[in-house]
Protein chains: 2
Amino acid sequence: MLENWTKPQIPETDELEERLSTARAKLSALQMQIKEHGLPVLVLFEGWGTAGKGSVLGKVIKNIDPRFFKVATMDAPTEEERRKPFFYRYFIKIPEKGKFEFLDSGWMDEIVNDCLHERMGEKEYKKKIESVKRFERQLTDNGYLVLKFFFQISQKEQKKRIEHLRADKNTEWRVSRNDDWQNKHYDKCLHVFDRYLNDTNAAADPWYIIDAKNRKWAELQVLETLVSGIETALKNSDLAVPLLQNVFPLEKIPKLSEISLDKEISEEEYKKELKKLQTKLSELHNRLYREKIPVIIAYEGWDAAGKGGNIKRITEALDPRGFEVHPIASPEPHEKARHYLWRFCNRLPKTGHIAIFDRTWYGRVMVERLEGFCNENEWQRAYNEMNEFEKELADWGAVIIKFWVQIDKDTQLARFEDRQNTPEKQWKITDEDWRNREKWDLYESAVNEMLKKTNTTYAPWHVLESNDKKYARIKALKIVIEAIEKALK
Amino acid sequence: MLENWTKPQIPETDELEERLSTARAKLSALQMQIKEHGLPVLVLFEGWGTAGKGSVLGKVIKNIDPRFFKVATMDAPTEEERRKPFFYRYFIKIPEKGKFEFLDSGWMDEIVNDCLHERMGEKEYKKKIESVKRFERQLTDNGYLVLKFFFQISQKEQKKRIEHLRADKNTEWRVSRNDDWQNKHYDKCLHVFDRYLNDTNAAADPWYIIDAKNRKWAELQVLETLVSGIETALKNSDLAVPLLQNVFPLEKIPKLSEISLDKEISEEEYKKELKKLQTKLSELHNRLYREKIPVIIAYEGWDAAGKGGNIKRITEALDPRGFEVHPIASPEPHEKARHYLWRFCNRLPKTGHIAIFDRTWYGRVMVERLEGFCNENEWQRAYNEMNEFEKELADWGAVIIKFWVQIDKDTQLARFEDRQNTPEKQWKITDEDWRNREKWDLYESAVNEMLKKTNTTYAPWHVLESNDKKYARIKALKIVIEAIEKALK
């Protein structure tokens with residue numbers, strides 16, 4: 001795209017000024033429509049060092065009420081950020097509905113720098129490109145407008161600007177070592193940038209190359225693209241999105257009705273096994289920590305299936321400084337205003353740590369589906385989106401273990417009644433639990449569909465037969481231990 | 001406290017076991033009461049390296065449902081954390097109502113290490129102690145139970161443990177350089193620890209020294225203290241807190257009714273001044289960034305007083321990568337579940353950056369007071385708490401500028417009507433605005449009280465006469481410029 005890029009014709013001064021004031025006024029008017037329609041707009045400013053990203057950005061936001069936008073400057077990742085998945089630091093910055101987020105710069109910068117400085121091989125680059133494409137597609141699929149700008153200047157122009165900045169002690173600090181490096185290796189950079197732009201140029205979120213030699217002209221190009229992008233997105237806001245074919249390796253998993261629930265364990269054997277397995281897990285946690293492997297354990301299951309007690313038997317074996325349990329309730333307003341995976345991304349562990357989710361992102365295809373909190377296109381799409389999300393985590397090196405805690409309907413009733421009748425357990429039972437119970441069959445079929453569509457080899461489901469809670473606890477411990485041992489090998 | 005500490009008598013094994021199981025059961029039962037009463041519990045584990053904080057912590061949390069607690073391991077602050085005020089990284093970790101947060105370790109560790117390694121002089125130490133005392137008092141005043149444990153072992157015992165850990169390659173990594181250092185300089189450490197404990201031993205959140213030689217015994221001491229602490233706190237949950245006398249330097253400020261609102265500026269002069277001042281501010285922002293000075297600008301004012309437009313004239317002059325505007329609405333559930341300053345602490349700028357608050361923590365003594373969202377003791381206390389909060393920020397080096405944007409009642413009516421009648425402005429006017437208008441007099445007297453009680457020399461209020469919005473904008477720019485220039489000198 002860059003290498004064969006044709007520089008657009010810069011308009012005459014009069015026309016430029018006129019178009020500028022039109023575009024500014026339009027953007028200013030559009031911000032209210034963005035707010036009304038709840039459109040989230042993510043704008044990426046990428047490009048050559050000293051190309052003027054910051055100064056154009058400064059001009060653009062003058063047309064927007066400061067309450068409706070945020071700007072994030074992404075430097076090289078910190079030590080702490082390096083202990084999270086690649087996309088973590090970008091994902092947590094995505095805007096709320098009705099607001100703008102400007103990133104200066106985005107993930108392109110991080111990736112091309114890793115390529116240029118040989119911190120990333122060909123194979124890893126290709127994998128990253130797949131991640132980027134998925135990430136960007138998920139955003140647009142979920143209603144985000146993603147606008148990507150690349151600020152282009154020539155080698156000569158860049159050199160001139162570097163010298164100019166360096167000549168004044170007030171601006172000298174703005175020239176980075178990387179700017180010098182780029183200028184010295186301009187052709188090499190051009191080639192890597194070009195390849196990245198080509199590789200990530202998708203119909204829903206195409207690249208816009210900005211001729212950045214003249215500041216006002218650059219501003220105009222950005223403004224006009226923003227305006228037309230927003231106008232299009234506002235028209236399309238109710239469009240459904242094509243469902244993608246599954247591309248991930250799936251394994252067969254039985255339906256819930258095919259699972260025999262008569263498995264039991266004696267009290268004596270339970271105690272013996274529990275002690276043995278917890279001691280083992282405790283040792284492994286130590287090794288996980290040292291080898292910096294992150295672990296994600298996801299619990300789903302019927303109300304009163306015994307998730308809480310099951311989780312407790314896991315955490316009892318863990319060093320308290322190395323795990324976190326995340327109870328997942330219905331999303332708060334700031335969570336609902338973003339991509340539904342956002343609040344889970346926010347709770348990911350760092351390397352060497354364990355995150356246990358007590359209910360998970362799979363709520364999308366269970367409660368949100370059945371209670372109508374999302375539309376059909378959204379939950380249909382979610383299977384693939386969650387497979388992608390977990391693929392990202394698996395590629396990062398995470399051990400992912402997903403549990404479905406299974407009981408039958410009679411057992412649930414008995415436990416509900418026990419909760420109702422035992423004062424210190426009453427907090428555990430709500431009217432909602434009874435209402436959900438009435439929809440047992442609908443839930444069962446949704447769960448079957450979920451298990452079938454998301455039982456990937458890299459993040460498989462495990463059904464825990466929990467009519468006998470003790471049996472389920474021992475089984476969970478064994479599965480966790482086995483998965484960790486495999487990862488440590 | 002440590003130097004003259006009398007080691008408690010360790011009970012016989014039988015008694016120890018019996019008391020342990022009693023205490024465990026009690027803690028387990030109490031967690032439900034904590035949940036019901038919405039009591040937040042913050043537990044600090046401090047003490048000598050290798051004293052067994054982690055292992056006792058691991059035992060303690062076995063009695064608590066994993067959904068009701070979190071554990072945070074606080075290492076030395078990262079580069080990013082060093083760019084925030086000292087308390088930032090601790091404050092953001094405080095628990096929600098009804099939950100436990102365990103810190104291993106807390107701010108003591110950071111302070112005593114700075115003392116021991118001579119990164120902190122006597123004067124700074126004393127200032128820090130004042131901050132600590134205020135911070136802890138604010139937490140307990142706001143309904144937090146703060147329990148502070150210090151794990152004590154002798155020099156001999158520590159040496160034995162270090163050698164023991166080092167002998168096994170699975171535990172070798174647990175010995176830190178600091179553990180060795182402590183053991184070598186035991187007496188020096190003891191003295192510094194002792195002083196810190198004495199200096200921060202308050203009635204509402206006293207220190208508990210734990211004899212940590214025997215693990216089970218240490219566990220029992222912690223459990224029993226937790227249990228009795230929680231029982232006491234539950235009994236006291238409705239107690240009001242004494243109001244403290246003001247200790248901060250205040251300056252006189254006129255009442256709103258004494259402020260003349262006939263100030264105006266001509267269109268021509270406005271344009272000229274605006275351009276000049278924005279250019280000036282833009283240069284200063286550059287210098288702020290380089291000298292790493294943080295700036296906090298707080299806007300309060302009547303509805304329709306012109307806060308938004310005023311803020312815009314400030315931000316237009318700023319580099320978008322160096323500021324953030326925080327529009328403050330009513331708190332979300334996770335915010336309401338914590339100390340009312342928590343959500344503002346979370347939004348503090350880092351050094352060199354500017355944070356602009358569009359409405360602020362002063363909501364506590366205006367809308368929350370008048371709408372009954374907090375009780376009288378709470379808002380009465382808040383003046384001092386906010387002065388303390390700002391003192392912390394000022395001591396950190398922040399420039400703090402607080403604006404009250406003032407208009408008269410007629411001007412507000414005219415602007416409300418204009419908003420009502422102009423389609424693109426209608427989003428700016430809500431029923432709530434009209435309801436607030438009816439309470440003008442109540443608000444005015446609350447504002448007067450607020451201005452009087454929080455007009456500190458280090459964080460003064462400035463009234464912006466905004467019947468003429470342009471006049472107010474120019475005045476705001478001048479004040480911001482002056483404050484920044486003063487800080488840069």
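The model is predicted: local features need pLDDT of at least 70, side-chain atom pairs count only at pLDDT 80 or more, and totals for chains, interfaces and linings use all residues. Residues are numbered from 1 along each chain as its sequence is written, chains are lettered from A in the order in which they are written, and side-chain values use heavy atoms, without hydrogens and water.

Start with the pairing rule. Rings of Phe, Tyr and Trp (its six-membered ring) pair if their centres lie within 6.5 Å; planes under 30 degrees apart are stacked, over 60 edge-to-face, and the rest tilted. That rule gives 66 aromatic pairs over all chains.

Take Phe323(A) and Phe69(B). Their centres are 6.4 Å apart and their planes stand at 85°, so the pair is edge-to-face. Phe323(A) belongs to strand β7 (residues 323-327) of chain A and Phe69(B) to strand β2 (residues 69-73) of chain B, so this pair joins two chains. Strands are DSSP runs of E, at least two residues; helices are runs of H or I, at least four; both are numbered from the N terminus. Phe323(A) has 6% relative accessibility and counts as buried. Phe69(B), at 5%, is also buried. Buried means under 20% relative accessible area, exposed over 50%, partly exposed in between (1.4 Å probe, protein chains only).

Now look within chain B. Trp361(B) and Phe389(B) pair edge-to-face, 5.5 Å centre to centre, with 80° between the planes. Trp361(B) sits in the loop between β8 (354-358) and α15 (367-370), and Phe389(B) in helix α16 (residues 376-396), so the pair ties together parts 28 residues apart in sequence. Both Trp361(B) and Phe389(B) are buried.
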